Amino acid sequence: MNWNRKDLVGLRELSADEINFILETADAFKQVGTREIKKVPALRGKTLVNFFVEPSTRTRTSFELAAFRLSADVINLSASTSSLAKGETLKDTARNLEALHADILVLRHSSAGAPQFLAQRLKASVINAGDGAHEHPTQALLDLYTIREKRGKIAGLHVAIVGDILFSRVARSNIFGLVKLGARVTLVRANLKSSASPSRTRSTMSCQAPTW
């Protein structure tokens, strides 16, 4: 299949075929990291802007390194170094970047829905690098890739996600992706405030993506 979407804002709207297409493409790209010259020309001539309104080290660096290896030009922006600090709106800042011919905008924002908001208003492609408690699709894709690589498949697996899940954007994206690829997902929340054995609240979802 071909990738026909302009943006990647979440896993909820992706089909299983689209998720598998990304994972299979990552298989080929992984080999680039083992070469002496770790670069391919896939994004040569394109400009990618890492616009991180929320602080990040690992995610921003991962996007920057991937873009360099795909031969893109990279610009890094944070809220403190952009005109947001002077009261400019997110939309106006993004449109100014687009006017400078940015092709791809990687956005991390504390407000859920910010990437979708920009994706609907910009010609540039928008990639969600985490928005509030909504989704973190690229982290979930990495988790799916790792599970598939280590276990050989995702369909039919029973996956437990343990932790403070209610406001976890990574867990939310993982649930969407795992269920779409045929896994059964159990959520486990441990109550660590009690000195007794942790109590656990369990819920199991299968067959279709959960509704939030």
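Because the model is predicted, local features need pLDDT of at least 70 and side-chain atom pairs count only at pLDDT 80 or more, while totals for chains, interfaces and linings use all residues. Residues are numbered from 1 along each chain as its sequence is written, and side-chain values use heavy atoms, with hydrogens and water left out.

The axes of helix 1 (residues 16–30) and helix 5 (residues 137–151) come within 10 Å and cross at roughly 75°, where axes are lines fitted to C-alpha atoms, for helices over the stretch in contact, and angles run from 0 to 180 degrees between N-to-C directions. Helices (H or I, at least four residues) and strands (E, at least two) are DSSP runs, numbered from the N terminus. Helix 1 and helix 5 are therefore roughly perpendicular to each other, a term that covers 65 to 115 degrees.

The largest cavity holds about 40 Å³ of space, with volume taken as the space filled by probe spheres set on the points, which are joined across faces, edges and corners. Its lining (residues with an atom within 4 Å of a point) consists of A94, L97, E98, A102, I104, L105, L122 and A124. Helix 3 gives the most to this lining, with 3 residues.

Key:
Parallel < 35°, antiparallel > 145°, perpendicular 65-115°, else oblique. 1 Å grid on protein atoms, 1.4 Å probe; cavity = no way out; pocket = protein on both sides within 12 Å on 5 of 7 lines; lining within 4 Å.
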